[in-house]
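Student: Please give me a close look at one part of this model. I want the nonpolar packing and what surrounds it.

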Amino acid sequence: MPIALIIYTILVLTMVLLPMIRSDYWVFRSMEYPRLQKWVLAGIGMVACLVWGDYSGWLFWAGLGAFALSFAFLSYQIYPYLPLARREVLEDGASDEASGGQRLSLMIANVYQPNRKAERVLELAEKLSPDVVLLLETNDWWKTQMEALEATYPYTVLVPRENTYGMLLYSKVKLEDAQVHYLIEPDVPSIECRMILGSGHKVHFFGVHPRPPAPSESTTSTEKDRELLIVAERAKSSRQPVIVAGDLNDVAWSYTTELFQKMSRLLDPRKGRGFFNTFPVKWPVMRFPLDHIFCSRHFKLRQLRRLKSIGSDHFPVFIAFQVYNEIVQPEKAPEPENEDLMAANAKFEE
């Protein structure tokens with residue numbers, strides 16, 4: 001077996017196995033991100049073994065077996081996001097009047113604070129005319145550039161910050177009980193409010209952007225995980241339809257995001273529809289789904305799109321729901337097992 005292929009096998013297996021270690025350290029958590037990329041690398045490894053491997057040597061069979069197991073394991077992990085899989089949030093094809101619900105659309109965009117192409121964001125908002133616009137990584141410059149939105153979006157929660165964790169929320173629908181929280185870290189805000197729709201429906205909304213596990217930000221994911229679990233508990237306790245949206249600085253399939261879904265009982269509209277990778281814009285082969293929108297079982301999906309580039313390192317996302325006062329999704333909400341409850345408690349004890 002060629003030495004290059006042996007090294008390649010070790011590298012791919014390391015990437016596959018590292019996330020299985022339940023450590024908050026960034027090295028382990030960052031390896032959860034490239035799941036689709038690891039799936040491709042494992043497939044390439046199988047082909048390479050068959051083409052260049054020595055069929056009579058034990059290293060060949062060990063390497064081929066390792067790649068085959070990795071490929072099968074990763075296929076199982078990415079399957080829920082393929083169009084072949086069951087959709088976690090069903091679609092609503094009826095008109096607003098016939099469905100008995102109320103339409104609500106949102107545009108979520110991490111604008112990338114140094115980005116100076118603010119006109120692209122304004123153009124998208126004017127073209128799509130969403131009911132709600134949530135902008136992340138916004139400072140005072142971005143707040144000033146977005147003032148034109150206030151003529152159409154009279155309800156706002158504006159939290160500009162210079163540390164790349166600013167948030168600007170613009171809404172056409174009335175906002176009630178709007179609050180800015182600093183749940184874990186004093187310089188990382190989140191937004192909580194209730195949106196009062198024209199039909200009288202109320203939607204409990206959370207906008208989040210926790211700090212990522214990265215050498216330049218935080219060496220562990222502990223603070224981020226705690227923040228998401230606090231939001232999950234509040235979402236689960238809400239008596240109204242719930243939406244949690246923002247840049248979670250985590251991929252849709254990570255253990256933390258799965259734990260968040262179980263603890264919050266929220267659904268992921270992407271499952272059964274695609275990955276909707278939003279970051280990084282400039283490196284298509286390395287993209288991950290970092291920008292998220294989760295909803296309770298009171299919603300049906302009207303539309304979900306990844307939008308064109310706005311000059312940021314993230315793509316914006318547009319989503320349109322039909323909102324109901326009662327549960328309309330037959331799909332059972334994720335529920336935590338004892339192991340998940342223990343893991344969540346451990347986050348707060350660390």
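**Core and sheet**

Tutor: The largest nonpolar core has 31 residues. Those with the most contacts inside it are Leu-104, Leu-106, Leu-169, Met-195, Phe-205, Ile-243 and Phe-321. Core members are buried Ala, Val, Leu, Ile, Met, Phe, Trp, Tyr and Cys joined through side-chain atoms within 4.5 Å; buried means under 20% relative accessible area with a 1.4 Å probe, protein chains only. Strand 11 gives the most to this core, with four residues. Helices (H or I, at least four residues) and strands (E, at least two) are DSSP runs, numbered from the N terminus.

The model is predicted: local features need pLDDT of at least 70, side-chain atom pairs pLDDT 80 or more, while totals for chains, interfaces and linings use all residues. Numbering starts at 1 along each chain as its sequence is written, and side-chain values use heavy atoms, without hydrogens or water.

Take Met-195. Beyond four places in sequence, Met-195 touches (heavy atoms within 4.5 Å) Leu-104, Val-132, Val-173, Lys-174, Leu-175, His-201, Lys-202, Val-203 and Phe-205.

Six strands form an open sheet, order 3-4-2-1-11-10, with mixed pairing; a pair needs at least two DSSP bridges. Strand 3 (155-159) and strand 10 (299-306) are the edges, each pairing on one side only. Strand 2 (132-136) and strand 4 (167-171) run antiparallel, joined by five bridges. Val-132, one of the residues touched by Met-195, stands opposite Ser-171 in strand 4.

Helix 6 (118-128) packs on the sheet. Helix 6 touches strand 1 (102-110), strand 2, strand 10 and strand 11 (317-323). Its direction makes about 170 degrees with that of strand 1, on a scale of 0 to 180 degrees between N-to-C directions of axes fitted to C-alpha atoms, for helices over the stretch in contact.

How values were computed:
Buried < 20%, exposed > 50% of the residue type's maximum accessible area, 1.4 Å probe, protein only.
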